Amino acid sequence: MRPPKRRGRRLDALGLLVAAVLGFPVYWMVLTAFRPATDILSLPPEFWPSDPTLANFTRAMGTETFWANARSSAVIGLGTVAVSLLVGTLAAFALARFRFAGRKAFVVVILTVQMIPLAALVIPVYLLLNDAGLTDSLVGVIIVYLVFTLPFAVWMLQGFIAAIPVELEEAAMVDGCGRLGAFVRVVLPLLGPGLVATSVFAMVQAWNEYVLVYVLLSTPEKQTLSIWLVSFQTSFGTDYGGLMAGATLTALPVVVFFLAVHRKIAAGLAVGAVKG
Amino acid sequence: MSGDPGARRRRPLLPYLLIAPSFLALLAVLGYPLADMVTLSFQDMTRKELFSGEQPPWAGLEQFRTILSDGFFWTVVARTAAFTAVCVTLTMACGLLVALLMRGTSPWVRAVIAAVLVAVWAMPVMVAAAVFRWLFDADYGVVNWLLSRLPGVDLARHNWFTDPWQGFAVITAVVVWGALPFAAVSLHAALTQIPPELEEAARIDGARPAQVFRYVTFPAVKPVFVTVTTLMAIWDFGVFNQIWLMRGGQPEREYYLLGVYSFIESFAVNRYSTGAAIALVTIVLLLGGAVVYLRQMFRLGEVE
């Protein structure tokens with residue numbers, strides 16, 4: 001029973017309208033980023049690009065700390081991803097493949113941890129890193145970020161591992177592989193898409209985080225793009241062209257990554273939410 | 001989940017070794033600060049102790065007595081609860097509508113909506129805050145201009161943040177806009193799991209669309225719906241970034257939610273212990289939500 005054609009067309013129109021409304025802020029950001037200052041402050045506003053310019057981007061990228069902050073964001077993001085995947089895969093494998101006493105308690109910990117607002121923990125975390133001599137250090141930030149990437153990584157990866165038939169591993173073990181051999185040769189290749197999706201998710205969370213870097217890193221060069229973007233706002237006042245160019249630059253890597261793997265993320269979410 | 005747990009009983013140590021790194025990491029980075037925060041809330045730590053490293057004096061229940069007897073604190077609690085309720089309701093309602101809409105559109109329109117959802121989802125929160133500030137700018141914001149097109153509306157040079165009600169409307173818009181993709185994508189994923197025969201059978205039996213939704217469609221996506229709702233509630237209750245960023249790092253008292261209040265007490269006023277006590281109360285309030293969430297997760301089965 002297919003819906004009548006006219007109804008389908010009306011729904012399509014409605015769908016495009018919804019997409020336009022939801023997408024408008026993104027469109028407006030990119031449009032503003034490419035506009036010369038005179039056009040940005042024109043009233044009534046124009047909704048189409050006329051004489052686009054790269055001046056805003058040049059200005060944003062020319063700010064003192066842009067490249068240092070971009071580097072810092074990349075180091076923190078990649079470091080967080082590497083550690084949380086390594087540590088997370090181990091735990092995910094244990095959850096997906098073993099029944100052991102304390103499993104339930106561990107799951108509760110994993111799930112509860114995601115609920116604690118980190119902004120609430122800023123001071124004790126600062127004190128902890130201070131004791132460890134890790135304030136104003138990227139390593140310190142990576143360790144702290146594990147708190148919010150790790151639970152999610154474990155949760156998502158265990159869903160992906162549970163979806164891999166255990167018989168494949170057993171067959172490999174019958175054929176003479178050790179447990180580790182079976183894991184490396186059978187589970188790991190099949191887990192590839194799950195690892196990619198999880199790493200993008202962890203990367204994005206690290207990229208987006210703002211409060212902790214704000215408190216934990218004091219050297220301007222070490223701070224991340226999120227701080228860079230916000231500092232823009234005050235020092236440039238209402239230079240919306242520069243700000244929107246900065247915002248576009250900050251969002252771009254995340255959008256690209258996300259578009260590349262969003263199907264996997266949706267699948268992981270569905271598995272995680274339904275299968276637990 | 002695994003095929004036969006019985007066969008694995010011979011090596012009881014392995015799973016513990018596998019979870020040990022995660023467990024230790026969480027214990028060190030979260031458990032320790034959490035314990036520290038509890039301690040802090042029973043002390044009286046100021047800037048002096050923070051920098052000299054001296055042991056702050058004990059204050060007993062003083063911090064809690066102060067905040068709990070402060071009318072402003074309860075205003076902030078009520079405001080946070082109301083804000084959460086509004087944001088969650090809007091997000092889930094819009095998310096469900098978008099997910100349902102995506103089922104009825106042609107594949108290419110669905111692809112367009114999905115692409116937009118992913119792009120919105122990927123927007124870092126400080127980018128979203130900056131963009132919404134620009135959209136709602138008093139002088140050149142496109143929203144003011146658009147709304148002024150409506151007959152009888154003049155919003156030229158209107159500052160949305162003078163009136164906290166309007167300011168919170170803008171903040172709600174950012175929060176809901178940013179959270180909608182997660183809700184819509186999860187719900188859409190759940191909707192695609194429903195076998196079409198189920199709904200078709202109901203239709204053939206003469207059920208009206210609203211009845212099909214109520215008795216067939218919604219019950220099938222309910223587990224995902226409840227899980228996402230709970231997660232949303234937990235996240236929205238702890239909202240900090242959007243308010244902090246949209247108010248340029250200096251939110252007025254009318255814009256305090258619990259997260260902001262705790263942070264300001266700690267870092268602007270340097271009453272670290274008061275900040276810790278507020279954070280602790282926040283977490284206790286959240287635990288109520290946590291119980292619902294966990295019960296739901298376990299009821300969905302498989303987690304044992």
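Is Ala115(B) buried, partly exposed or exposed? At 36% relative accessibility, Ala115(B) counts as partly exposed, where buried means under 20% relative accessible area, exposed over 50%, and partly exposed in between (1.4 Å probe, protein chains only). The residue belongs to helix 5 of chain B, residues 107-122. Trp160(B) is 45 residues from Ala115(B) in sequence, and the two C-alpha atoms are 30 Å apart in space.

A word on what you're looking at. This is a predicted model, in which local features need pLDDT of at least 70 and side-chain atom pairs count only at pLDDT 80 or more, while totals for chains, interfaces and linings use all residues. Residues are numbered from 1 along each chain as its sequence is written, chains are lettered from A and ligands numbered from 1 in the order in which they are written, and side-chain values use heavy atoms, with hydrogens and water left out.

**The two chains**

Let's start with the overall build. Chain A has 12 helices and 0 strands, and chain B has 13 helices and 0 strands. Here helices (H or I, at least four residues) and strands (E, at least two) are DSSP runs, numbered from the N terminus. The C-alpha trace of chain A spans about 70 × 65 × 35 Å along its principal axes, and that of chain B about 75 × 75 × 30 Å. As for burial, 59% of the 276 residues of chain A count as buried. In chain B, with its 304 residues, the buried share is 51%.

**Salt bridges**

How many salt bridges are there over all chains? The count comes to 9, taking a salt bridge as a side-chain nitrogen of Lys or Arg within 4 Å of a carboxyl oxygen of Asp or Glu. Here are three of them, with the N to O distance and the accessibility of each partner.

| Asp239(A), 18%, buried | Arg59(A), 35%, partly exposed | 2.9 Å |

The bridge between Asp239(A) and Arg59(A) is worth a look in the viewer.

**Surface patches**

Patches are made of residues with over 30% relative accessible area and no salt bridge; like charges are joined within 9 Å, and nonpolar side chains (Val, Leu, Ile, Met, Phe, Trp, Tyr) within 5 Å. The areas come from the Shrake-Rupley method with a 1.4 Å probe, and for residues only the protein chains shown count as cover.

Which residues form the positive patch? They are Arg6(A), Arg7(A), Arg9(A), Arg10(A) and Arg203(B). For the charges, Lys and Arg count as positive and Asp and Glu as negative, with His and the chain ends not counted; the place of a charge is NZ of Lys, CZ of Arg, CG of Asp or CD of Glu. Helix 1 of chain A (residues 5-33) gives the most to this patch, with 4 residues. From chain B comes Arg203(B), which lies in helix 9 (residues 196-204). Arg203(B) is partly exposed, at a relative accessible area of 38%.

There is also a nonpolar patch of about 290 Å², made by Leu14(A), Leu17(A) and Val21(A). Leu14(A) is placed in helix 1 of chain A, and with a relative accessible area of 40% it is partly exposed.

**Cysteines**

A disulfide is a covalent bond between the sulfur atoms of two cysteines. Counting a disulfide as a pair of cysteine sulfur atoms within 2.5 Å, the total over all chains is 0. Cys87(B) is in no disulfide, and its nearest cysteine sulfur, that of Cys94(B), is 11 Å away. Cys94(B) is likewise in no disulfide, with the sulfur of Cys87(B) as its nearest at 11 Å. Buried or partly exposed, which is Cys87(B)? Cys87(B) is buried, with a relative accessible area of 0%, whereas Cys94(B) counts as partly exposed at 33%.
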